[in-house]
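Hi everyone, thanks for coming. I'd like to walk you through one protein today, so let's get it up on the screen.

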Amino acid sequence: MAKNLLIVESPAKAKTINKYLGKDFQVLASYGHVRDLKPKEGAVDPEHDFAMKYEVIERNEKHVDAIAKAAKAADDIYLATDLDREGEAISWHISEILKERGLTDGKRMHRVVFSEITPKAIQAAVAAPRQLSHDMVDAQQARRALDYLVGFNLSPVLWRKVQRGLSAGRVQSPALRMIVEREEEIEAFVPREYWTIEARLKHADGDFSARLTRLHGKKFEQFDLTNENDAMTARAALKAAARGQFTVSDVGSKERKRRPAAPFTTSTLQQEAARKLGFSTSRTMKVAQGLYEGVALGSEGNVGLITYMRTDSTMLGEDAVTELRQVIARDFGDKALPDAVQVYKTKSKNAQEAHEAIRPTSALRRPREVSSFLNDEQRKLYELIWKRTVACQMIHATLNTVSVEFALEGVVGGDASFRSTGTTVIDPGFLAVYEEGRDQKAAEDDDEGRRLPRLVAGEVVPLEDIDADQHFTEPPPRYSEASLVKTLEEHGIGRPSTYASIIQVLLNREYVLLDARRFKPTDVGRAVGKFLVQHFTRYVDYDFTAKLEDELDAVSRGEEAWVPLMERFWQPFKQQVDEKTESVDRSEATGARELGADPKSGKPVSVRLGRYGPYAQIGDKDTDEKLQFASLRPGQSMHTITLEQAIELFKLPRKLGQAENGDEVSVGVGRFGAFVKQGSTYASLKPEDDPYTIELPRALQIVTEKLEMLANRIILDFGNGVQVLNGRYGAYITDGEKNARIPKEQEPKELTEAQCLELLAAAPVKKGRFGKKAAGKKTAAKKEPAAKKAATKKVAAKKTASKKTAAKKTAAKKTAAKKAAPRKSASKPAAG
């Protein structure tokens, strides 16, 4: 048995490291986090210094047991989880578990960190271990406790005031606010008309254009011409003054230098991967994780190709810079090397300068040399990282911008002038390797790459025509993943390890959706965002959230204690939660809007947020006995819908006619979307079908397809609830409670009832919502599976009178409970 146990987070990393340390080391993986707060109220106790109750994560119990078993036999235990706060906390949790099990007595515990998985880095880390940083652990515990307390206290308020099942988070709520406020800016935006004037010029060396820059004796501004009449008047005056030609009044030339972008941090990598590769933030981190942990490179075995991918540092190690300069000199020549090493200042206040930027572990591994060992996503991301890192140590690019002025005299209203500019690259420098992407084009981007003819002052250039073009100002764009991460970082919200999870939480909760790769808030997201801004302003304030992040960073540096930080947050937060629980009206919280009066009945028409989403309502619940409801159509928002659009919704359900057997056929919209109803048969409409325009023949076709599918679904039916059905993944057996697989060699049609019962009895119990076995739950109303019923009948034919009486009482209770429960209509959303 190995004398040394080294624990990392992932099995891929363990596999790569294992070959570097020799037979004296056993390398095991924790498979991520090993403990978390108990998922119930009271796991964080504010009354006792925010004491936290942890439990081992169920899915990782076997991995924790394997670590414990190996620790028992080892002399030295090396905790080698990731080098950030989260990694430090995982190491602490592992050490605490081992202590609780009495496995650390007489053992030496070491903490080792490395930012790349290479033999040199691993061996250096093991040779120079340190102790656990309790400051970093405290910061992570405080972060986890804050998130827990916000979630457990704020989410119930959202349940009561907005919609059941909602939740709020300390960091994602300010991010949601950004997206919602941007949407409101877009909706409130009023376009302004403006006109530009451009001259088309002909030259023997190539045609080109010039923009109007001066009109009526002053600088031409964006809104100087705001209608067609003024624009055409100005155009005519300019054409008349030009008389078919422009004269060069001045030629200027300016040389400028463009410096390369800094090497990647987590946020800049996520931004560039989104812009250039179309990767989501979570996809970027997953692919980067694989490159960091190790990829099999043929005979070399597993090799870590990049450094640690959660970092806000732009620092590069001395050895890395030396290697980069060697690669640049060899591939691009000495002229591509600056005299001194390029040093980049890290923007983040809390950047770990001992950490490095994201870079290749060896610049000598060019993308083309490793591409055959990588999948398509790995190849693209590795190439992006390699190029950015190499470019950051190359010489600046030298650009030359030529500007040509054309003055016009004799223009009605005063003199005018046009300008044409073009930028050419004199020395590409780092641009030969890499150019940083942008979310929005800058004004000078149009000039780059444009070459102008060689012109001199006094030269006459023929004028082909002058064009006046109409434009309208555009609203600010919705956030993309790249621009949202950039904005979060600029505000100091979140940290490298959290950007991807912030976005994923907003998407998973359906507070936002991606429309053309831009974030659009849903009606639920807007309701949550507006509610939090109005009633918990401080806790979605950008500066407050950033300051709290800074305080957590101070804890990680040992400059501040975590319990006082928690107390300062908790007292006013809890007081506000209690107050808002009592004082806020639900209609206000959900953003309900009254649109006007129904033309037919004169009753008020409003839009509200209900249990199953936004809906329109005709009538007032306080004065009208009967209300009408209609769900909003896909793409409609309760914040922008008009009265006319809302009235249209009440055309459903529509009667389409009758089927051949006399059944009435109608179409409507319910909780699960649009449907056709024929008699007692319901069939969902296809995505291409519109419930407001669908006709009878198409509706009948949809119902026929549904009936055929149901008919073909049943292979065998034994009449006691046990059936053999065709499913999405092939045939299976079911009794309504349990499903059982059919052995490959068995023909489904030839199964007997006894065989089905036997297979059902051996089948595992279905998992419940939270992964616990359904059998472990005590549910009075749970039905007995048909397989169990049949088996019981065979064993005992008689039941005692007392059991019958008890069963009758239970059934009566169930019936009463069913009657008491409010009925839900599939076509009516719950009123708000």
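This is a predicted model: local features need pLDDT of at least 70, side-chain atom pairs count only at pLDDT 80 or more; totals for chains, interfaces and linings use all residues.

Residues are numbered from 1 along each chain as its sequence is written, and side-chain values use heavy atoms, with hydrogens and water left out.

Okay, the overall picture. The protein has 832 residues, and buried residues make up 47% of them. Its secondary structure comes to 23 helices and 31 strands; helices (H or I, at least four residues) and strands (E, at least two) are DSSP runs, numbered from the N terminus. Now contacts, which means heavy atoms within 4.5 Å. Take the contacts between residues at least 6 apart in sequence: 69% of those join residues at least 24 apart.

Next, the inside. In soluble globular proteins, nonpolar side chains tend to be buried together. I'll say "nonpolar core" for a set of buried Ala, Val, Leu, Ile, Met, Phe, Trp, Tyr and Cys residues joined through side-chain atoms within 4.5 Å. So which residues have the most contacts inside the largest core? They are Phe531 and Met566, in a core of 108 residues. Helix H5, residues 134-161, gives the largest share of this core, with 11 residues. There's also a second, separate core of 62 residues, and that one includes Phe25, Leu291, Tyr292 and Leu324.

Now for charges. A salt bridge here is a side-chain nitrogen of Lys or Arg within 4 Å of a carboxyl oxygen of Asp or Glu. By this rule the count comes to 58 salt bridges. One of them joins the side chains of glutamate 549 and arginine 170, at 4.0 Å from N to O. That pair links distant parts of the chain: glutamate 549 sits in helix H16 (residues 542-556), arginine 170 sits in the loop between H5 and helix H6 (172-188), and they are 379 residues apart. Are these two buried or exposed? Glutamate 549 is buried because its relative accessible area is 0%, and arginine 170 is buried because its value is 5%.

Compare another bridge, between glutamate 464 and arginine 200, at 3.4 Å from N to O. Here glutamate 464 is in strand S17 (residues 460-472) and arginine 200 is in strand S9 (residues 193-201), 264 residues apart. Glutamate 464 is partly exposed, at 44%, and arginine 200 is partly exposed too, at 30%. Both belong to a network of salt bridges that share partners, joining Arg200, Arg235, Lys239, Glu464, Asp465 and Asp467.

Last stop: the backbone. Most residues other than glycine have a negative phi, and most peptide bonds are trans. Keep that in mind for these spots. Histidine 216 has a positive phi, near 55°, and is found in the loop between strand S10 (208-215) and strand S11 (218-219). Alanine 516 also has a positive phi, about 55°, and its place is in the loop between strand S18 (512-515) and strand S19 (518-521). Alanine 516 counts as exposed because its relative accessible area is 68%. Finally, a cis peptide bond joins leucine 652 and proline 653, with omega about 0°. Proline 653 is in the loop between helix H19 (643-649) and strand S24 (654-658).

Methods:
Buried means under 20% relative accessible area, exposed over 50%, partly exposed in between (1.4 Å probe, protein chains only).
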